[in-house]
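This briefing goes through one protein structure by topic. Look at the sequence and the 3D view first, then read the points below.

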Amino acid sequence: MTKPVVLIAEELSPATLEALGPDFEVRHCDGADRAALLPALADADAVLIRSATMMDAEAIAAGPRLRVIARAGVGLDNVDVPAATKAGVMVVNAPTSNITSAAELAVGLLLACARNIAPANEALKGGAWKRSRYGGVELLDKTVGVVGLGRIGQLTAQRLKGFDMNVIAYDPYVSAAKAGQLGVTLVTLDELLAQSDFITVHLPKNKETVGLIGEDALRKVKPSVRIVNAARGGIVDEAALATALAEGRVAGAGLDVYAKEPCTDSPLFAFENVVVTPHLGASTDEAQEKAGISVARSVRQALAGDLVPDAVNVDGGLIAEEVRPGIPLVEKLGRIFTAVAGSVPLQLDVECHGEITAYGVDIWRLAAMKGLFQDVVEDTVSYVNAPLIAEQRGLEVRLLADLSTQEFRNTTTLRGAVQDGRIRSVSGTLTGPKMVEKLIGIDGYDLEIPLADHLAIFTYDDRPGIIGTFGRILGERGINIGAMQVARSESGDKALVVLTADSEIPHEIGAEIAEAIGSESFTVVNL
């Protein structure tokens with residue numbers, strides 16, 4: 001069997017290759033060399049890159065087999081995400097790989113600003129002993145304003161609390177309760193600017209944040225303030241900061257990022273009270289190794305057709321931990337629906353009931369689509385291309401959420417119209433502390449049977465003596481029944497049997513049983 005090809009386009013750690021494992025054919029090329037990259041992509045199933053490889057529309061088109069682009073880092077400036085999505089290619093990165101390194105660098109820059117470490121170092125190496133010139137300030141009891149209380153902002157805040165600083169923060173998307181858990185007080189941006197002795201920036205770069213700390217903001221700060229930006233260049237207006245430093249309205253700054261990079265010439269470099277580094281936030285051995293291992297694992301998942309938590313172009317929104325256990329169940333319900341209905345529906349509703357809907361279950365819509373198509377199309381179905389396949393087939397999939405439920409805490413039903421005009425449905429739930437997957441309904445028949453890898457479904461006219469037929473035929477073929485349940489229609493004249501088996505039930509054996517019991521329909525499903 002041919003192994004999937006994983007192309008390593010830039011230098012990655014040995015641990016990255018180890019994390020990939022032996023299931024792939026690993027090839028290498030220089031991703032910065034366009035003439036080497038494009039032909040190397042021709043038969044690649046995945047490509048691992050860092051920042052030097054440009055995966056634009058041309059490169060993506062050069063990889064017709066490409067299923068995943070993995071960026072061993074956080075930024076995706078060198079990946080055309082819309083082009084990848086259109087091509088059904090999953091894009092993954094390592095969003096948490098550098099958060100500790102970035103937070104530690106921010107603290108380092110802040111300390112360097114407070115104690116004038118950089119100019120003192122330079123002076124002493126130049127032969128000058130200037131103790132009186134480079135006195136600084138303590139962090140103890142000072143107020144630090146954290147602009148952006150995301151993952152890196154939170155880590156930075158926690159570390160600065162260790163210096164017994166008063167930590168305040170501005171982040172309109174974080175609740176006061178969450179900030180309170182961190183020992184941080186939420187304030188408005190104007191309040192932060194006015195109160196802070198130090199300001200550290202931890203925001204993503206977008207149209208709302210570019211220039212946020214600009215001329216207007218820098219006229220609201222204390223003249224003793226020191227400003228650190230180790231997030232993204234451009235959030236702090238560098239020209240406005242240079243003016244504020246020159247006019248004595250800001251006491252110092254620490255910068256790791258710049259509006260245009262690489263940056264080797266800036267008015268800010270002329271100030272002795274400005275410490276600068278060349279975008280080193282993620283430049284630690286640990287961060288690089290974490291990034292490589294993270295995306296290697298994501299590649300394994302993506303090539304297996306599984307949901308990848310760090311995929312940036314999967315339209316499922318933020319996935320709560322409470323929601324994740326239900327994803328495989330919904331995908332299986334999609335496969336069972338297609339098997340029972342004999343075709344993909346013309347239209348499908350994904351009906352979610354119960355307290356789980358309070359967390360947001362958009363990803364279940366994708367899981368249902370992936371399951372629907374998994375056994376009926378030749379190409380590998382992923383969480384990226386499942387919506388594209390649905391669109392090509394004119395299938396509309398709606399998500400309907402309702403907090404109310406009856407017998408179970410949470411239920412999911414896939415309900416849709418098929419070619420013959422009938423409405424078909426399958427329902428499932430998770431029960432108990434072990435979150436056991438159960439099938440609880442098919443086409444209006446009420447059930448409660450644990451899901452298994454092999455199951456068979458039969459409908460027939462209800463009458464005595466049928467159950468023994470199942471045991472006899474399967475026993476003669478050496479197939480052991482794991483579980484079995486009979487459900488009856490409301491009128492009582494029709495019955496549905498679902499049974500699970502320890503091994504695969506061949507279609508011909510299902511047909512033999514169906515003939516023996518006079519089944520109206522039967523389905524064999526191997527999940």
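Thr429 lies in strand β16; strands (E, at least two residues) and helices (H or I, at least four residues) are DSSP runs, numbered from the N terminus. At 2% relative accessibility, Thr429 counts as buried, where buried means under 20% relative accessible area, exposed over 50% and partly exposed in between, with a 1.4 Å probe and protein chains only. The model is predicted: local features need pLDDT of at least 70 and side-chain atom pairs count only at pLDDT 80 or more, while totals for chains, interfaces and linings use all residues. Residues are numbered from 1 along each chain as its sequence is written, and side-chain values use heavy atoms, with hydrogens and water left out.

- Thr429 touches Leu329, Phe408, Asn410, Thr411, Val436, Glu437, Lys438 and Ile440, not counting residues up to four places away in sequence; contact means heavy atoms within 4.5 Å.
- Thr429 and Cys352 are 77 residues apart in sequence, and their C-alpha atoms are 9.9 Å apart in space.
- Thr209 is found in the loop between β9 (198-201) and α10 (215-218).
- Thr209 is buried, with a relative accessible area of 9%.
- Not counting residues up to four places away in sequence, Thr209 touches Leu203, Pro204 and Ile235.

**The sheet that contains β16**

- Six strands form an open sheet in the order β14-β13-β15-β16-β17-β18, with mixed pairing; two strands pair if DSSP finds at least two bridges between them.
- β14 (396-402) and β18 (445-450) are the edge strands, each pairing on one side only.
- Neighbouring strands of this sheet are turned by 20° against each other on average, direction ignored.
- β15 (residues 410-417) and β16 (residues 423-431) pair in the antiparallel sense over six bridges.
- Strands of a sheet pair through backbone hydrogen bonds, either parallel or antiparallel.

**Helices across the sheet**

- Helix α13 (residues 326-341) lies across β13 (347-354), β15, β16 and β17 (436-442), running at about 155° to β16.
- Helix α14 (residues 362-374) lies across β13, β14 and β15, at about 135° to β13.
- These angles run from 0 to 180 degrees between N-to-C directions, and axes are lines fitted to C-alpha atoms, for helices over the stretch in contact.

**A helix pair**

- The axes of α16 (residues 466-476) and α17 (residues 507-517) come within 10 Å and cross at roughly 150°.
- That makes α16 roughly antiparallel to α17, since angles over 145 degrees count as roughly antiparallel, under 35 as roughly parallel, 65 to 115 as roughly perpendicular and the rest as oblique.
- Ile466, Thr469, Phe470, Ile473 and Leu474 in α16 meet Ile509, Glu512, Ile513, Ala516 and Ile517 in α17.

**Nonpolar cores**

- Of the 75 residues in the largest nonpolar core, Ile363 and Leu439 touch the most other members; such a core is a set of buried Ala, Val, Leu, Ile, Met, Phe, Trp, Tyr and Cys residues joined through side-chain atoms within 4.5 Å.
- A second, separate core of 29 residues includes Val201, Ala231, Val236 and Ala244.
- Leaving aside neighbours within four places in sequence, Leu439 is in contact with residues including Leu333, Ile336, Leu447 and Val498.

**The whole protein**

- The protein has 17 helices and 22 strands.
- Buried residues make up 50% of its 527 residues.
- Its C-alpha atoms fill a box of roughly 100 × 55 × 40 Å, taken along the principal axes.
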